[in-house]
Amino acid sequence: MIDQISGGRPVFSTRANAGIVAGIGLRLKASGADLLDLLDTCLAEAGLARSDILALATLDRKQAYPALAEVAGLLNVPILPVAAVNLLTPVPNPSLQVAGHIGHGSVAEAAALHFGPLLVEKRRGANVTCALAQCRYAPAALKAEMAASTVSTSSAGS
C-alpha cells in the first residue's frame with residue numbers, strides 16, 4: 001500500500017512490509033558461502049528470514065561478481081546495481097580503505113540506504129560486508145530502478 005510520494009519515489013507506509021534490500025560490499029575472491037553466512041547473521045540480528053529479502057544491492061561494477069550471482073540465484077532475488085554517484089550519501093560506518101579503492105567510503109550501507117532506512121548497519125565477514133534496509137520502493141518502482149540501472153550500466157561503455 002502506497003501512502004505518499006517522496007522525491008518522486010513511491011513510499012510504503014510503515015504498516016506495510018515492503019521487504020528488505022541487502023546492501024552488499026564484496027571482494028572478487030568472496031565466496032557464496034562467505035556472503036550467505038554474513039547475510040544470515042544480519043538477518044538473524046534483525047529477526048528476519050531469507051524470505052524477507054527483496055533484492056541484493058551493490059556498486060554497479062560489482063554486480064557480476066560470482067558470489068553475488070550465486071546467492072541471488074539461491075534466494076531467487078534480483079541484484080540491483082547502484083551507480084557510484086548514488087553511493088555518496090553519508091553512512092554510519094564509512095571505511096577509509098573502501099574510500100581508497102573506489103573513491104567513497106561505503107558500498108554496503110550506501111547501497112542499502114539507496115532503497116530505504118537501515119535496519120542493520122554494516123557488518124563485516126570474510127571478504128564481504130552487508131547492511132540491511134527496509135525497502136521503501138513500490139514493486140513497480142523497484143522494477144523501474146532495476147531497468148534504469150541495467151540501461152545505464154550497459155550503455156556506459158558506448
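**Exercise 1.** Which residue just after H1 takes a positive phi?

*Solution.* Keep in mind that this is a predicted model. Go to the end of H1 and step just past it: there sits Gly-47, with a positive phi of about 70°.

**Exercise 2.** Check the length of H1, then work out how its buried residues are arranged.

*Solution.* Start with the length. H1 has 15 residues, and at 1.5 Å a residue they should span 21 Å. The end C-alpha atoms are 21 Å apart, so the two values agree.

Next, pick out the buried residues of H1: Gly-32, Leu-35, Leu-36, Leu-38, Leu-39, Cys-42 and Leu-43. Look down the helix axis and they fall within an arc of 170°, so they line one face.

Finally, ask what the buried residues pack against: S3, S4, H2, S6 and S7.

**Exercise 3.** Find out which element gives the largest share of the largest nonpolar core.

*Solution.* The core has 24 residues, and Leu-39 and Cys-130 are among those with the most contacts inside it. Two or more residues come from each of S3, H1, S4, H2 and S7. The largest share, 6 residues, is from H1.

**Exercise 4.** Does Lys-122 sit buried or exposed, and what is the nearest side chain of opposite charge?

*Solution.* First locate Lys-122 in strand S6. Lys-122 is buried, and Glu-109 is the nearest side chain of opposite charge, 5.2 Å away. A salt bridge needs the charged atoms within 4 Å, and Lys-122 has none.

Methods. Residues are numbered from 1 along each chain as its sequence is written. This is a predicted model: local features need pLDDT of at least 70, side-chain atom pairs count only at pLDDT 80 or more; totals for chains, interfaces and linings use all residues. Side-chain values use heavy atoms; hydrogens and water are left out. Helices (H or I, at least four residues) and strands (E, at least two) are DSSP runs, numbered from the N terminus. Buried means under 20% relative accessible area, exposed over 50%, partly exposed in between (1.4 Å probe, protein chains only). Lys and Arg count as positive and Asp and Glu as negative; His and the chain ends are not counted. A nonpolar core is a set of buried Ala, Val, Leu, Ile, Met, Phe, Trp, Tyr and Cys residues joined through side-chain atoms within 4.5 Å. The expected span of a helix is 1.5 Å times one less than its number of residues. The arc is that of the directions from the helix axis to the C-beta atoms. Contact means heavy atoms within 4.5 Å.
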